[in-house]
Each structure stands twice: as structure tokens, then as C-alpha cells.
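Biologist: I am new to this structure. Could you go through it with me, term by term?

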Amino acid sequence: MPNRRYETLILIHPEQGEAGTKELVVRIKQLAENQGAVISQLQDWGARELAYPVARQRRAYHVLLEFRATPQALLEIERNLKLMEPVLRYLSVRRAENAPPAAVRPTAGGEAPRGVEATDEVSAGDDGEVGLMNHEEGV
Amino acid sequence: MPRPERGAPRPPRRRGMGRRKVCRFCADKGMLIDHKDGRMLGSFLTERGRIIPARVTGTCARHQRHLTNAIKQARTLALVPFQTVYPQ
């Protein structure tokens, strides 16, 4: 079965709160892994302003998941995402095999994203802080 | 009225002044079209959120195609507006 590179951006309802969001992300991760997906990157963009209200919310938590999986596995993952109430929106995209891993995005019109802090302002003399990146270890 | 010779190359006609526009994505290979980059996509939208035609931005056909796709994907993810005037 072909194993393909995918990338899914998920918008999560802000009422979940920090803890609830973390929990949900873990659930999504497990869901993907149960389907045989190998997660290569997990980006937490934090709560960001939406371009327009979705489900009467002006902001949402954004999580980006990069992984390899079979097309069947993706279908199953998406089916389950659809069933999760706090997931407002998601979009999966197939990535080219030779495409670089998704870059950490700066947030436009949101508060500073957790997980990207180590890039710009902090970089001066703050070398030991690479652990701020929220990427998955060792996967 | 005398017609120009058949097959004669038409003189390049450029209406208006100003310099030729160059596709930003061709000029800068590092600039990638990404549906997750709302800020970049936003620079190809009008105030109201409409996609600016390639004839205005100078984007080449190929990149404009990728760009419109990316913008439409970004719209479903609420990274970029469908329109900016919403009934409230």
C-alpha cells in the first residue's frame, strides 16, 4: 500500500481551553498512529484570530500535523476528525515527497504562537532554548 | 484602409507607461505558495478579499493558478477572508 506524505491543519474550538486542547491533540495523535500514520511534525500555532467567524467564534486554536500514511488511513483519520465536536475545520493536503518539512509559520493577527518563540526575538544569545519548539521528539 | 502585411510580426504594443511586471514567484524562488501562509496570500487580495487578477499583479499564469488554489484552501480554513464586509 502506498505510504504518502500528508499535512493536516486543524482548527479547534477556543472554549476547550489550553488543557482541553492539549488533550484533544493527544487524542488526534493517537488516532493517527492507530491508523498506522507516522507523525513527523506537530506544530502548535496557538489561538489565532480567524479571518471570519466560524461557529460564532472569532478565534481558534490551530494545530498542524505532518505525517505519512496510506490513503485509507487518511480517510479514517478525517472521518474521525469530522466526528469530533471541538474540531471546527480541518484541511488535509498531500505533500510532494521532496517538499521541505512545513516551516514554522509566524502568526498574522494573533498572539505570539507557542512553539515559534525560539525563532526571532529570542535568538540573540539564547541558544539553549531550542526546546521551546513544540515539534515531536524523536519521531 | 491599408491592412498590415499578412504574417508580419505585430509591433509590440504596450498601453500606458510603467515598467513590465515580473511574476514575484518566478523572480524569488524562495517565495513559496502555501495555503497556510495567510499573510502572503493576503497580499494578493483586495481590501474586500477578492483575488487580484494576474494582469494587475504580474503573476505568471502558472503561479496564478497555484495561488488561486491556495487562497481558496486558505479561505476554508479561515486564514483569509471570503469577503471582508460581513453582515453582523
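Biologist: Why is P100(A) called exposed?

Modeller: This is a predicted model, and within it P100(A) has 8 other C-beta atoms within 10 Å. A residue counts as exposed at 12 or fewer, so P100(A) is exposed.

Biologist: Where is P100(A) in chain A?

Modeller: P100(A) belongs to the segment after β4, the strand of residues 87–94.

Biologist: In what order do the four strands of the open sheet lie?

Modeller: The order in chain A is β2-β3-β1-β4, with antiparallel pairing. Neighbouring strands are turned by 20° against each other on average, direction ignored.

Biologist: What makes β2 and β4 of chain A edge strands?

Modeller: Each of them pairs on one side only. The strand β2(A) covers residues 38–54.

Biologist: How do you know that β2(A) and β3(A) pair?

Modeller: Pairing needs at least two bridges, and β2(A) and β3(A), the latter spanning residues 57–69, have eleven, in the antiparallel sense. One example is Q41(A), whose bridge partner in β3(A) is E66(A).

Biologist: Which strands do the helices α1(A) and α2(A) touch?

Modeller: Helix α1(A), residues 17–34, packs on the sheet and touches β1 (4–12), β2 and β3 of chain A. The direction of α1(A) makes about 25° with that of β3(A). Helix α2(A), residues 71–83, also packs on the sheet, touching β1, β3 and β4 of chain A. The direction of α2(A) makes about 165° with that of β4(A).

Technical notes
Residues numbered from 1 in each chain as written. Chains lettered and ligands numbered in written order. Predicted model: local features only at pLDDT ≥ 70, side-chain atom pairs only at ≥ 80, totals over all residues. Helix = DSSP H or I, 4+ residues; strand = E, 2+ residues; numbered from the N terminus. Buried ≥ 20, exposed ≤ 12 C-beta atoms within 10 Å, placed from the backbone. Axes fitted to C-alpha atoms, helices over the stretch in contact; angles between N-to-C directions. Contact = placed C-beta atoms within 7 Å.
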